[in-house]
Amino acid sequence: MLQFPLWKVILIVLTLAWGVVMALPNVVNMSGAPGFMPREGVNLGLDLRGGVYLEMEIRSEDVIGGRLEVFARDVRTALARTDSADPVTHLAEVNGQTMTIKLTRADEAGNFPVEAAIARIDKVNGPLEGGLAGGKTYEVTRAGPDSILVTVPENSENLMMADALAKTETIVRRRVDPDGVAEISITPSGVDRLVLEAPGEPDPERLKSLLSRDGRMTFNIVDDSPSAITAAQAGVVKPGYRLLSGPTTGDLLVRSIPEIVGSDIANASQGNDEANRPQINFRLNSNGARKFFETTRVNTNKRFAIVLDDVIMSAPNINEPIAGGNVRITGDFTMEEAQDLAAIISAGEMPAKLQFLDQRTVSATLGRDSINAGIRASVIGILLVAGFMILAYNLLGIFAVASLAANVVLIFGALSGLGATLTLPGIAGIILTIGMAVDANVLVFERIREEQQSGRSLLTSVQAGYERALSTILDANITTLIAAAILYLLGSGPVKGFAATLGIGILTSVFTAFVVTRWLTVMWIKTFKTKKLSV
Amino acid sequence: MLMKIWPKETHLKFMNLRMAGTLLSVVLLTASVFFLATRGLNFGVDFAGGTAMEINATETVNEGTVRAAIPFSADVNAAVGTDARRIVVVKFGEAPEALLGPEFQALTTAEKAERASGATNELVVRSLVEKLGIDPGTDLLKNDTVGPKVSKELFRDGITALVVALILMLAYIWYRFEWQFSIGAVAALAHDVIITLGVFSFLQLEFNLTTIAALLTIIGYSMNDTVVVFDRVREERRKYKKMPDRDVIDLALNSTLSRTLLTSGTTLLALLAIFFLGGPVLRGMSFALIWGIVIGTYSSIFIASSIVLSLGMDLTQKTVDDTPGFQGVG
């Protein structure tokens, strides 16, 4: 306990030096420092720097429904293949997490070709994504004499959710930060959640309005026969169609299953029309352009609705087949609206609508106030504890205070080095640790005092004090460490920050109290040949 | 210097006071359970859901004008915020559906349940901007909305954390000591947690995520205190094999007393600094911690130790030398 061979001393000094180097950027501007030195201080949580925290969720029924709608288009192609002499006419309806396909034409005997249709659908029903367990993406079964039911098996659903969450993450990033310069963090949480943290002073309402749009861009064939629209307005919607409206078009019936979807769009940008009014230009990718040409060829003289999030933006007439895939939307846009819409269309369609579960905003002003209050409380707290220790233990107290200082440096070094985030409760955690850090010192000092009282020499007392206090110190700190670990694992946000500083603080305080203070004490006694310490 | 005032040795007969201690604890526990049952806890938005806002107060923005600007009944109070800033604190749940607009009313019931808090928040911000001209970027110091889903999860996770931490700590004590000590420690911890909850209920202090963190820290601290006393009890027990249990425990309590008071003292000093200077966000947390240190120190002496005394110690069970001992010194 009293021997400090050279390697131990080097290790102690290196640890302390590491703490100083890592903690340095918190107090000094390190931008001019050599490359091997750390430049970043501790990350400040949103509660200390201000910012917006959003927790969002995608719902599985939305994701699956969206996928089924895409599958419906493949089904239509499969059942109406051009090489088939006998196309199977049908209507497809997506209902939550299932899709019903109803055949509409029976053969002479009055039977519907259900088995033939299932066989054809199975050809476009691809293997499960990832393909590890085998199996098909969808389960296609006969549901009646003229109907087929498409359901999504559980493992397929899991893959779809994972895929949807990853896509959503990319889309959210492209919408809120199209240039990739903002310091916005977007992290997935669980299977269906995203957490967005935007520090500084972003406008939470703008963020939410950018994110609350699905960006579901579709092109649907229109039925604008007045009788069908009137019937639909009265509540009788033609099967396979939906009644939508738009600011410039009024109510129109459009086919439920779109011809062109968001994934067919290569990019979008804001442009101007001939009269110099803002418009949105977009270009379809090769697959989209081909489908667009095919659809416009088959549906010449019908109207084509351009729909964004169930609102018809425009519904021009198809005068002739259109090749090339360049499309534009004109309308009553302001420049900003056109830019935002172009960003939303470019970023692509959300696999499912985002639900906002939890929204927390802290202004930068309040963050600054909190930091000031936190620093003030820490400084006063440390001074009080230091004064108390020196009053109680004199010279040993000074050693304890020195190791307390080392402790603070190491905590900040570790927080910076580990990239942990400092929150306001985290500051409270540091102050609490500092209060409790002296406990290990106190346990040892009390033992030293007892040993001196029973007449032992100083060195023997110091040795005995450290030896006897060791198990108590370990037991006591391990229990607190358990609490910190549980808080870190199960806690969220501010609580995690508190747990991180508490846990790091326990480790550094045991090190400083048990190693640094001891080293200082032994060095002092050996150097000055002290015979008695007043404790 | 301070230690010169403190007597070198104390011989307080703690265990003679244990009936009084037990009585006091029973009274406090009964009162806590009574308050928890009748008043319940004042859950913050973390657990209750809804919105909590802090608005910078100015000449035109005050308690009255804010209350008038919100189109439904909300809980509006003037308060002093961090750095002595005058603020208006607003709390509300969900606005009546009629106020949330046709777009909201068209949603399904499930969607309404999820989006009502968010929609209400937007409605209030809009009214405050229109009627009072506040700037959401700078005057709205804080705006937290927690939906019903997340608040339920946060509550569940908080309680899970509490229970898991308790079980792990007990397992650790069981491993390090005898079962009598483990029971003494559990009882002391349960005592501390229930009485702290009782105080939160009696004073109707806001109970939120940071309070759970504070509770866990109290548990850790109280356990820390208990372990120090137990370590000493075990040591003295081995040293004085003929001494009655009661005297052994008194001896251990007395020899750890100055440590207990010193550590509690420094920790309390640090916490008092947070309580008075750390701003309102940390006030609830530091209050819980201050209270927890007082009750944790008390329970180590009067609950944990007196239960060990009642159950009796049987140190023949664990003969492992847990303390590293005192070799080569003499």
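**View 1. A:Thr361 stands opposite B:Asn143 in β5(B).** Strand β17 (residues 354-362) of chain A and β5(B) pair in the antiparallel sense, joined by five bridges. Pairing requires that DSSP finds at least two bridges between two strands; strands (E, at least two residues) and helices (H or I, at least four) are DSSP runs, numbered from the N terminus. This is a predicted model, in which local features need pLDDT of at least 70 and side-chain atom pairs pLDDT 80 or more, while totals for chains, interfaces and linings use all residues. Residues are numbered from 1 along each chain as its sequence is written, with chains lettered from A and ligands numbered from 1 in the order in which they are written.

**View 2. The contact takes 70 residues from chain A and 71 residues from chain B.** Residues are in contact if their C-beta atoms, placed from the backbone, lie within 7 Å. On the side of chain B that touches chain A, α9(B) gives the most, with 14 residues.

**View 3. An open sheet of three strands in chain A has the order β12-β13-β16, with antiparallel pairing.** Because β12 (265-272) and β16 (326-329) of chain A stand at the edges with a single partner strand each, one side of each is left without a neighbour in the sheet. Neighbouring strands are turned by 25° against each other on average, direction ignored; axes are lines fitted to C-alpha atoms, for helices over the stretch in contact, and angles run from 0 to 180 degrees between N-to-C directions.

**View 4. Seven bridges join β12(A) to the antiparallel strand β13 (residues 278-284) of chain A.** Here A:Asn272 stands opposite A:Pro278 in β13(A). Helix α9 (residues 335-347) of chain A packs on the sheet, touching β12 and β13 of chain A.

Conventions: Contact = placed C-beta atoms within 7 Å.
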